[in-house]
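Hi,

Here is the structure I promised to send over. My notes on the aromatic rings and a couple of loop residues follow below it.

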Amino acid sequence: SSSIYARIEYAECLAKLASTRPAAEQFAIAIQQSQNLGNSRAESYAIGRLAHLYEQSKQWQEAQQLTQKALELSEQINAPDILYQWQWQSGRLWNQLGDRQSATI
């Protein structure tokens with residue numbers, strides 16, 4: 001489990017260096033590892049961070065779809081400490097997509 005979070009941190013470092021593709025690959029590996037271990041919390045976090053990467057590269061639709069998945073996972077496991085992050089991210093994305101009503105829900 002700690003190796004998944006280490007991979008997520010590594011991916012975030014890559015993203016800060018503008019290495020979008022390698023960062024996305026590392027997030028995808030972290031997502032796969034968390035699914036293999038049945039760690040929904042790590043999966044939600046990795047998916048949400050991948051969504052943020054897409055948000056930064058202005059791929060709004062993809063980012064919103066991933067954020068929704070991260071949101072659903074964090075709701076299923078009752079993790080309010082990460083749920084609020086995906087709610088906030090979702091609101092920003094809905095706003096970018098021009099759906100202000102969904103952005104404020």
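To start: does Asn 78 count as buried or exposed? At 64% relative accessibility, Asn 78 is exposed (over 50% relative accessible area; buried is under 20% and partly exposed is in between, with a 1.4 Å probe and protein chains only). Asn 78 sits in the loop between helix 4 and helix 5, and its phi is near 55°, a positive value in a residue other than glycine.

Before the rest, some bookkeeping. This is a predicted model, where local features need pLDDT of at least 70, side-chain atom pairs count only at pLDDT 80 or more, and totals for chains, interfaces and linings use all residues. Residues are numbered from 1 along each chain as its sequence is written, and side-chain values use heavy atoms, leaving out hydrogens and water. Helices are DSSP runs (H or I, at least four residues), numbered from the N terminus.

Lys 58 also has a positive phi, near 60°. Lys 58 belongs to the loop between helix 3 and helix 4 (60–76) and is exposed at 60%.

Now the rings: there are two aromatic pairs (Phe, Tyr or Trp six-membered ring centres within 6.5 Å; planes under 30 degrees apart are stacked, over 60 edge-to-face, the rest tilted). Tyr 5 and Tyr 45 are tilted, at 6.2 Å and 50°. That pair links helix 1 (residues 2–16) to helix 3 (residues 40–56), 40 residues apart. Tyr 5 is partly exposed at 28%, while Tyr 45 is buried at 19%. Tyr 45 and Trp 86 are tilted too, with centres 6.1 Å apart and planes at 45°. Trp 86 lies in helix 5 (residues 80–96), so this pair ties together parts 41 residues apart in sequence.

Cheers

Key:
Helices (H or I, at least four residues) and strands (E, at least two) are DSSP runs, numbered from the N terminus.
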